[in-house]
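Please look over the sequence and the structure before reading on.

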Amino acid sequence: MTKGIRGAITVKENTSKAIEESTMELLSEMFEKNKLELNKISHVIFTTTPDLNADFPAKFPRILLGWSEIAMMCYHELDVENGLKKCLRILLNINTNKTQDEKDYEKLYNYVKSNQKENFDYVKFKKIVEAW
């Protein structure tokens, strides 16, 4: 069975660097809160609102974390009137032996209001992921 864990974060500006920082911050939050194991990830879907097009979010875990064997795709969300702007969402699809009724992750939804952390520590995050 596959279960999905969702996350969302607002990105401060439409630049490659801001998208990188927000992607890595949200992934870190999702891994830490859910105690995820890298080998259980089936695939990852990234979506951005249409106002974020400076880079592909999937590029960053592929390059910075070495996720070359995990299928990842990027999509744009619908441009809904009065919808949230500059929003990046991630759906981590996890392989599990649990049924839909059985809880195996603490938080199935993670939301980080905005990317405010300075100097995000990629090395620390990579070590956390590798330890799981």
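Predicted model: local features only at pLDDT ≥ 70, side-chain atom pairs only at ≥ 80, totals over all residues.

Residues are numbered from 1 along each chain as its sequence is written, and side-chain values use heavy atoms, with hydrogens and water left out.

**The chain as a whole**

- The protein chain holds 3 helices and 5 strands; helices (H or I, at least four residues) and strands (E, at least two) are DSSP runs, numbered from the N terminus.
- Read from the N terminus, the order of these elements is β-α-β-α-β-β-β-α.
- Of the 132 residues in the protein chain, 40% are buried; buried means under 20% relative accessible area, exposed over 50%, and partly exposed in between (1.4 Å probe, protein chains only).
- When contacts between residues at least 6 apart in sequence are taken, 86% join residues at least 24 apart; contact means heavy atoms within 4.5 Å.

**Threonine 47**

- Threonine 47 belongs to strand S2 (residues 41-48), and it counts as buried because its relative accessibility is 16%.
- Beyond its neighbours within four places in sequence, threonine 47 is in contact with Tyr75, Glu77, Cys87, Leu88 and Arg89.
- The side chains of threonine 47 and glutamate 77 make a polar contact (2.4 Å); such a contact is a pair of N or O atoms within 3.5 Å, where within protein one must be able to donate a hydrogen and the other to accept it, and residues adjacent in sequence count only if both atoms are side-chain atoms.

**Helix H1**

- Helix H1 (residues 16-34) has 19 residues, which at 1.5 Å a residue should span 27 Å, and its end C-alpha atoms agree, being 27 Å apart; the expected span is 1.5 Å times one less than the number of residues.
- Because 14 of the 19 residues of H1 are buried, the helix is largely enclosed by the rest of the structure.
- Lysine 35 follows H1 and has a positive phi, near 50 degrees.

**The aromatic pair**

- The count comes to 1 aromatic pair; rings of Phe, Tyr and Trp (its six-membered ring) pair if their centres lie within 6.5 Å, with planes under 30 degrees apart counted as stacked, over 60 as edge-to-face and the rest as tilted.
- The rings of phenylalanine 31 and tryptophan 67 have centres 5.8 Å apart and planes at 50 degrees, so this pair is tilted.
- Phenylalanine 31 in helix H1 and tryptophan 67 in the loop between helix H2 (59-64) and strand S3 (71-76) are 36 residues apart, so that the pair links distant parts of the chain.
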